[in-house]
Each structure stands twice: as structure tokens, then as C-alpha cells.
Amino acid sequence: MADALPPQYSPAETEEALYRWWWEQGFFHADPTSAREPYTIVIPPPNVTAILHIGHGLNNTIQDVLIRWRRMQGREALWMPGTDHAGIATQNVVERRLAQNGKTRFDLGREPFVAEVWDYVNATGATILDQLRSIGCSCDWDRTRFTLDEGLSSAVREVFVRLYEKGLIYRGNYIINWCPRCLTALSDEEAEPEETAGKLYHLRYPVADTDGAHVVVATTRPETMLGDVAVAVHPEDERYRELIGKQVELPLTGRRIPIVADDFVDPAFGTGAVKITPAHDPNDFDLARRQGLPALSVMAADATMGEAVPEAFRGMDRFDARRAVVDAFREMGLLEKVEDHQHAVPHCYRCNTVVEPRLSEQWFVRMKPLAEPALAASRDGRIRFTPERWTKVYDHWLENIRDWCISRQLWWGHRIPVWYCRANGCEETIVAREDPARCPKCGSAELVQDPDVLDTWFSSWLWPFSTLGWPARTPDLERFYPTHTLVTAPEILFFWVARMIMSGIEFMGEIPFSDVYLHGTVRDHLGRKMSKSLGNGIDPLEVVQTFGADALRYTLVSGMGVGTDLLLNYEDLESTFAPGRNFANKLWNAGRFALMNVGDDAVQSLEEVQGSLEFSDRWILSRLSRASTEVTVAMERFRLNEAALAGYGFFWGEFADWYLEMAKPRLRGEAGEESRAAARATLVTVLDHTLRLLHPVMPFITETVWQRLPRRTDPSPTIMTARWPEPVAAWEDDAVETRAAVLQELVAAIRNLRAEYGIQPGQRLGIRIAGDAALVDGLAGEPERILRDLARLEELTHGGAEGAIGASAVLRSGLELFIPLEGVIDLDRERARLREEIKRADHILESARARLSNEKFTSRAPEEVVQKEREKVLSLEGQRDKLARTLAALEGGE
């Protein structure tokens, strides 16, 4: 690396080469033989088909900030990367590609189709991992895993067999969530409810063998009435007591169905009578099993009406059939009424198709035995959630957990390790870790494997330990499990987080991680979730190319408070990301300033110049120690935005804006060589520590500048492994900080009065200071030199205004500041200008007050317009008062 820094920072010329150097040097690699305390994060594996979006950018930047911080604290930090095979999503992508050539997966057949998917994954699967490198992610890439690789596939089989042998996996006919587009079962969590404006249809069912009597049922899915097998009422409902045991004519079908009594029915809801469709509703399914009723499936897998419905409806799409059924009821005079109805309708989490409850034979995991120890881990504090409110959500879900449907009617994924013997009516079911050659019962080789694959989450729930080599007891597993922090979004709290906790306890005997940080969602400036359909997304790679990776990272981290969403303006990337770029440029310029002003002479250590440290040195070291505490505490509490802002505030607001300005004359040698040596040592020490504090958030710029510091206090070859700055109690000095606060307030007040009275910035002034003697005395020595230099003062005296004409201010510290203005500005001209400004303000105020006193305006104008006018009056009154005070100060001698 060159010694000098170019005049301008170019991320494009720096970041890629620097990242390559980090990787080639092995700085990302974690050593299982190290004696250092481990710290492990497993990446939420992105789908293998994914392209980096801003949500990935946020999630992985947070993880990288944590892993870099812990690495600098001396931990053996492992960030485990990898990708998920994403069964439904990946199969859908390849099926769409085939459809472009007029083909389906069935045209190819199972094995050729799976081979086609593997070709696609091998060609594109590393894309998102490459993109993560562009934003600085320091994963241990040598350990990259894939949920369908050989090791993880072995873990999946082992888990399936163990759970089956334990009686926790079973096969059965139950109502499941079915996606007619993906043609597969979905878990309850994969059927995402969406609030929908629908209709509630009230249908009349004639009571059999009566003269016009009927029962009214209400439904949002009238097409399913073709599969009704009963009408249920509450046994204590007086309205229907006489009808229990009788039958109704089921319109359109020619069938009669019974009226049954069941405690499940709520007599206060609707009409108190409920249609029962066991094959298409989970509650109806449970009621039918209690009542011994049959189940009649009326839809095919693609949600068209099946063979069990009257011929007029067969082959219809379910929504077309809905309209047709309603029309038929209307024509028969059996449509009581139709009401608007807002309700939650489940949609497929992948393709957004409306999910259909469907009776189907599937594989399930009994979840209650697994959930109980996972719930205990939350209640006894072994698992901590940030924000804490998610603890209750997690607990509630586990308390009410339902069995997990794990089979999927797909071809891409982990094939269910179950075989059926088809020889001589044997029908043996074989569950095995290895593919069986023969039936263990009859010896036949006529074995057929279950055609389904496992839910994608069945492999990813093992991620914290399968990626480390389980079921083998590998050195990595022994060293890095349990992991420490999981960073993810609340949307997959149930899909993934809770299940990982259950599997970790079940198969490893201990929780997989102790802290779960659930960050918010990236939204646009209007509060909308970013999506392709809205066209409001932000491409992280575009941001990196335009502003640099550090600017992206700083913007994401500093804007993401705990428990809040991050709002970014996709229409104005400049205003969104420029502050991060400007911060990087400020760091660069400070580094250039330091290198140019320190010069080529050897820089002494802080210990060597301890006796020569001046007021400004002691102040900035005290502030550095406190900033180190503030940043570290924020990191420990997952307040990463507070950590980033604290680092920013210290560097820009104290080091760059104040200390560098204070130290310039000393660095030029104007205060003597001893003072220069102390300033050089302090400058390099503080810049060194500050770059380390900022490194986790802004890794590229901090490494680039840090490498060029002439005397670093850490021998590490990279800032990545340099010691994390700890507070130094000996540096902290309350008295010095109090003196500095008074000095800064004085400088700011003088600058404000200059601007207010139109005094040229370069014009030397005389000032008078009165007030607490201790505060005034505290300005003696270097503080007075700094005050004279930064405030451009010619004379500083103690005492009050004594009737002179000038500008004055009372500071928060209690000191009184007075600037004599005679001979400094043209007083007559300034008085005339102020009188004109006051006259103008009075005119505008008069007009605004007149509008507000007009009843027609206040009653007819929109409230926001009236409120804006009130705010305008308040602002004008403030400006007018300020002008009057300024004029009064200048009229003292007239």
C-alpha cells in the first residue's frame, strides 16, 4: 500500500482490491484449534436463486458489524455462510424457464428435471454470495454450505429417521394448506394471511320433508357447499333443538345431509347454523371425525371442481364455480343475502396464490414434545430476544403449536427417506438412513420411494449444527456450537428461529444461540415495503458503485433503531446515501491532514509525551475514552444505530471540528517542539482508536487510512484484528471537559453574533467576559489561545458591557459575553436596516393575523392550511422579537 493518500477517496479503486487482500490473507477464517473464546454467527441462508436486495444488505451488514466487532475484541469469530436450496422458489424458477420453450417438468420427467435444476443452481447459485462480498461481508467463505450438499443431506436423513423412530414423525390424512399454483402442501406458517375485502353469502338449505322450512348458513366460499356433508348447530340452541337429527336438502346436488349437534358451534355467531365441509376446512374436518361423518373432496389439485360435483360445475375454476353457485342459489330463491366481509385469506408465501384447505395424505412432525423445552429456554432466560416484545410472540406460538406438515409435492429438495415394498402385497414401510436394496420383511427388491420431498425448512432448521459437521462430532462442532447471535427478520420467527431452537435442544442437547436480534424492515419514504411490483426497491450494488460500500453500510446501520423499520427514499438516492459518502470523505480528509501534519519524523508514544500533554490533548483523550464506552455499550445492547451515531458524533463533532482546529498551530510548531510532539502523539493515538471504533460499520475506509498511520498502537497486520478500543480511566477528566464545554460555547456564541450583526468572519474582535470567576479562570492558558485563534479575537478582557454599544449573549454556563461594535460595523446603517426588517415583519404579521381572525378562513380552509398559518405567525413573532432585541442593543448610545 502506498504511503500517501490521494486528494480524493475512490471506493471503486479501493474496495475490491482491499477485500481480495483480506480474503487471501485468511483474515476471515476461524481456527477451531485457537485458545481464544469463540463467537459464532450463522448466516440466514439466502435462497440459492436470490439476487441481493436492500433487505439482504441490511441483514448481512448487521451481522458483519457484530462479527468484526467481536473479532476485534479477541474472539475466535466464525461467520458461517451458505445458501438454501429453496424448494418451491427454485423449482418455480426452472419451471418458468421451461415454459418459455413450451415444456413442463412432466415433459422431462423427474430425474432430468432435477438435473436441469442442478445445472441452473451450479451456474447461478454463487451470485448472491459474490454480491455479499461487494458490501464487505467477512464470512468464512472456505466453510460455505448449501442445504442440499452431501453433509447437510446426511444430517436431514439422520433427523428424519431419529424422529420417526421416536414416534414424532407420522403419516396421515389431514386438512393441510394447499397451493394450487405450486401444487404442493404448505405449512401453516407458509400460508400467509392477507386482509381481503370479500363477501359473506347467506344460503338457505330447505329442511327435508317440511313445507318451506329452511336453515340459513353463512359462508365466504359458497363453491365448497357442493362438498357439504352436514349442518351443525349447538345442542343448547333453542332455535334448532327440534331440527337436530333431521335432514336438509343440499341444493344443486340432489343429496340430503343431516343436522347434527356439536359444542364447537357458537350459537351467537351468524345464524348459529354452520355448513360442514370436512375435506375443505380444518375445523369441519375435526367436527366430522367426532361425529363420524364422511369427507367429500370436490376440488382437484389445481383448484378446479372435481368429479364429485354436479356435471354443470365440473372443470370450473373455483372462483368461477363460486359465481355459478351464487347465481344458481339466486335463481332458486335460496340466496338469503350477500354482505361485504373483511377477512384474512391465506396466500402462498412464494407465489401469492390463494391457498386452499385440502384433505390430503401427508407427513407430519409432532411438535408439542419439541416445543416444550424450547418454550422453557425462553422462560428461563437462556434465549433472549431483541426487541424484547418478540418473546411474548414466540411463547404464544409455542404454547399453541400445531403439528408441522413436512411433505411437499415437489421434485426439487430432500427426498423423503421412506420406501414402500410393493411385492406380493407386503406393503412394508421402510424408513432408512441409507437407500435400502431389499425389503427387510420379505426380501423383495420391489421398493418404491415416497415421491414427496421435505419442506425446505426441514433442512434449514438444522443449520446451526449441520453446517458444523453434525451428525459427526467434528472439531468445528465441538468448538463453535452453540453459536451466539442470530440476526434475522421477525417474518421468519416461526418458520426458522423457533424450529432451530427446538432442533438444537433435541439433537445437540443445548440451545443453538443465546441472542436473537430481530431487525426491522426496509421501507420506502412513504412507509411501503419495498417490492418489485411497486417498483420502489433500491439495488445495493448500484449504491455501492455510486457511493461506496461504506456509505451503504453507514446509512443502513445508523438508520435502523431497535424495533423500528428503516425508511429509504428510492426516488432520491443522493440525499439518502450522500451523508454516508460524506462521512467517508471526512474520514479520508482527516487521515490526509494527519499524515501531512505529522510529517516524516518518528512519532512518539503517548506515554513518552505524557508530561507535555496540553489542555486540548487531555480533553480529546477524555472524550475518546467516553466515546469508547458509549459505542461498546451500544453494541452490547444491539443498539447498532446508537453505536454508529456515537462514533460519527465523536469523530466529526469533536475530533475533526474541534481538536484538529485546536491542534493546527501546535502541529506547525508555533507552540514549541515539545508541544508539537505531544500534539502529534495525541493526533495519531486518537485517529488510530477512532478508526478502530468505526471499523465494524465502515471497514474499507478505516482499513485504508489505518494502514498508513505512522505509529499504530497495535501490531496487527490489519485493523480487522486490531484490539477493540477500551475506555481508559486515566484519560477521563471531568474538569477538563467542563473547561472545554465553556470554550466551545463561547466560540459558537461569538460566531453566531458575527453572523447576526454582519461582521466579516476574518475581522479581529475584542470581547468582554463576565461571570463565575472559576469558569473565567478556566480559560487561562491554552484555552485562551484556542479561543483567540478560533474566534478570531484581538482582545479578551474580563468585565461587563459598562454602557457600551454592542452585541451580547448569556451562555448556558452563566457567563456573559459582550462584543463592542463601535468601529466594527456601521452602526447607523445597521440600525436603519434593522428598522426596515422590523417594519417588513410587522406588515407580514399583520396580514397573517388578519387571516387567522377571519372566521371564514379558519372554518373553511383545510386544517393543515390553518395550522401552517398559525405556525407562520409564531415563527414571524420570534424573528421580530430577535430583530427588536438586536436593534435595542445598537441604540444604547443614541
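How many nonpolar, polar and charged residues does the lining of the second largest pocket have? By class there are 16 nonpolar, 15 polar and twelve charged residues, where Ala, Val, Leu, Ile, Met, Phe, Trp, Tyr, Cys and Pro count as nonpolar, Asp, Glu, Lys and Arg as charged, and the others, Gly among them, as polar. The structure is a predicted model, in which local features need pLDDT of at least 70 and side-chain atom pairs count only at pLDDT 80 or more, while totals for chains, interfaces and linings use all residues. Residues are numbered from 1 along each chain as its sequence is written, and side-chain values use heavy atoms, with hydrogens and water left out.

A pocket here is an open set of points on a 1 Å grid over the protein atoms alone, where a 1.4 Å probe fits, with protein on both sides within 12 Å along at least five of seven lines; lining residues have an atom within 4 Å of a point. Grid points are joined across faces, edges and corners, and a volume is the space filled by probe spheres set on the points.

Turning to the largest pocket, its volume is about 2,000 Å³. Of the 49 residues that line this pocket, N47, H53, H56, R350 and K529 lie nearest its centre. The lining divides into 23 nonpolar, 17 polar and nine charged residues.

Three strands form an open, parallel sheet in the order β15-β23-β22. Strands β15 (384-386) and β22 (485-488) are at the edges with a single partner strand each, so one side of each is left without a neighbour in the sheet; two strands pair if DSSP finds at least two bridges between them. The twist averages 20° from one strand to the next. Helix α2 packs on this sheet, touching β22 and β23, and its direction makes about 160° with that of β22. Contact means heavy atoms within 4.5 Å; axes are lines fitted to C-alpha atoms, for helices over the stretch in contact, and angles run from 0 to 180 degrees between N-to-C directions. Three bridges join β15 to β23 (residues 515-518) in the parallel sense, and F385 stands opposite V516.

Strand β18 (residues 418-421) is covered on both faces, with V418 and Y420 buried on one side and W419 and C421 buried on the other; buried means under 20% relative accessible area (1.4 Å probe, protein chains only). In a regular strand the side chains alternate between the two faces of the sheet. Strand β18 runs antiparallel to β19 (residues 429-431), joined by three bridges, and V418 stands opposite V431. Three bridges also pair β18 with β20 (residues 447-449) in the antiparallel sense, where Y420 stands opposite V448.

Conventions: Buried means under 20% relative accessible area, exposed over 50%, partly exposed in between (1.4 Å probe, protein chains only). Helices (H or I, at least four residues) and strands (E, at least two) are DSSP runs, numbered from the N terminus.
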